[in-house]
Amino acid sequence: MASAFLQVSALARRYPAADSGDGALTVFERVHFGVQAGEFVCLLGHSGCGKSTILRILAGLERASEGVVSMEGSEVSAPSLERGVIFQDHSLLPWRSALRNVTFAVRSRWRDWPPERVLEHSRKYLELVGLCGTEHRRPAQLSGGMRQRVGIARAFATRPKLLLMDEPFGALDALTRGTIQDELVRIWEQSRQTVFMITHDVDEAILLADKILLMTNGPRARIAEIVAVELPRPRERTGMLRDPAYYAIRNHLVEFLFERSRTLNACAPADYDPERPPLVHPGREGGAANARYAARP
Amino acid sequence: MSGASRSRADERRPRSASLRATLLSLAILVVLLGVWEFGTSGASGARVHLPGPSRIALHAARELAHPFYDNGPNDKGVGIQLAYSIARVLTGYALAALLAIPIGFVLGMSPLWQRALGPFIQVLKPISPLAWMPLALYTIRDSTLSSIFVIFICSIWPMLINTAFGVASVRRDFLDVARTHELSRWETALHVILPAAAPTIVTGMRISIGISWLVIVAAEMLVGGTGIGYSVWNEWNNLNLDGVIFSILMIGVVGVVFDQLLARALRAVEYVD
């Protein structure tokens, strides 16, 4: 695991004690995981456990208090076009049309491309997310779902080595969210991009991820365990429901979110090492039962 | 069917509202002119005899027929006088914009500079621009340049403060987008901060042009020679009240034109967040 595509080691974010006497705060610590090239990894946890901060550190937008993030062996210290980000609230530039938001990214990525090529490439990705005919509208004239689609097109169009998504569908209604998740699956199947995504939606994580990192509640949040999702691909929302493994995984995740995420910090088993979180396979026969806190295979 | 007719009614409503507003404006105008005409006709028995609107209209027709005549220093067409004033305002205003917008940018991007320059701005801003006039006349020794300087000093503050505020309040998300796309500082300023802050900056420019136009009249009354402000004072010295009132109206018209030009610029850079 030491030579994963993306390696996160002993990451922590601490706020020193304030002069007013407030105690020091450790949001998360000893966060340790790796992402292999081509993998889709979701980070699942309650709000307040520092998920977004971890993503911002991976993007290079913030520095960690401790620990190292390295991608392909070199340390992440600043933002880079090799790491595309899809922000939670789409972050489109409101004075630019949908198309111009994508060309903005494409032109930054390939600075020597002629304008026609930039335009053609950008249009292709807008088509991919089904935004033909609305490309000249500004974000304010698009629905929430369409805006997030532009955000997805903008990120995929730059073909980053790693795609970081911060709850990209969190602000959408359930139906729109479902549609765009399906589109994301379809686009991702074509590119097999390495993705690190933050979510608090259990079904979203199962639909998309190869691995799900479970985070305990803050403060002093840690990675509790890594859940392998071995459902066959391409996955499909309704077809998935007929797979018994789906329910095993889903129950495992829900049980974690509503019970163990709270208690784990206080009463972790003796062999629990946050820097080597156990890998569990609740989808396998008998996997959930013997998986708890089992030592790494 | 009912939906279609309702939406048509909705479309019609704003137009009829603006039509009614126009009709009301015209009615108010007629009443004002009527009261003015009656009050100045002598029938009212007033002791002060101002010229009535009909006289002003005749005067205006005569002036506007030949706006650019020039019969020496004390008798120039209103077009020439306005052109002098507009040229001074635009020169001082352009110089102020060239200085205020870049400095405002730096202030907005750097809390250090904002703090360092803040006290100077606080002290200089409330000074009436005309208070600078003696110093300007003494050092520059030219009345036209001095009035341009006064315009410069009065229009710099709204542009400086609005630019700094607009730049400082650009959303962090936009800056994150710039950073994740590896934009240089210069590119970030040009492609992200400038368009994001443009509505605030142009609003500052709109306030500045309004103040400049207010100040130029007073400045020209002080320094004399040419310009619409001097013209008002000169007509007063000649006891030509027709000319005074006509000049006042022209000052208003030019002020509206300036304001509308910047309102249009503002619409061009505005965006809905």
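**A tour of chain B**

Begin with chain B, for which the domain assignment gives domain 1 (2-50) and domain 2 (64-269). The model is a predicted one. Colour the two domains separately: the C-alpha centres of domain 1 of chain B and domain 2 of chain B are 33 Å apart.

Next, select helix 3 (residues 78-109) of chain B together with helix 9 (residues 228-237) of chain B. Two packed helices are described by the angle between their axes and the distance between the axes. Here the axes of helix 3 and helix 9 of chain B come within 7 Å and cross at roughly 135 degrees. The two helices of chain B, helix 3 and helix 9, are therefore oblique to each other. Show the side chains at the crossing: helix 3 of chain B contributes Q81(B), L82(B) and S85(B), while helix 9 of chain B contributes I228(B), G229(B) and S231(B). Sorted by class, the residues of this contact between helix 3 and helix 9 of chain B comprise two nonpolar, four polar and no charged.

Now bring chain A into view and turn to the interface. There, 14 residues of chain B are in contact with 16 residues of chain A. On the side of chain B that touches chain A, select helix 7 (172-180) and helix 8 (185-223) of chain B, each of which supplies at least two residues. Which helix of chain B gives the most to the side that touches chain A? Helix 7 of chain B does, with six residues. Finally, colour this side of chain B by residue class: the side that touches chain A has seven nonpolar, two polar and five charged residues.

Note on methods:
Residues are numbered from 1 along each chain as its sequence is written. Chains are lettered from A and ligands numbered from 1 in the order in which they are written. This is a predicted model: local features need pLDDT of at least 70, side-chain atom pairs count only at pLDDT 80 or more; totals for chains, interfaces and linings use all residues. Axes are lines fitted to C-alpha atoms, for helices over the stretch in contact, and angles run from 0 to 180 degrees between N-to-C directions. Helices (H or I, at least four residues) and strands (E, at least two) are DSSP runs, numbered from the N terminus. Angles under 35 degrees count as roughly parallel, over 145 as roughly antiparallel, 65 to 115 as roughly perpendicular and the rest as oblique. Two residues are in contact if their C-beta atoms, placed from the backbone, lie within 7 Å. Ala, Val, Leu, Ile, Met, Phe, Trp, Tyr, Cys and Pro count as nonpolar, Asp, Glu, Lys and Arg as charged, and the others, Gly among them, as polar. Domain bounds come from an automatic or database domain assignment.
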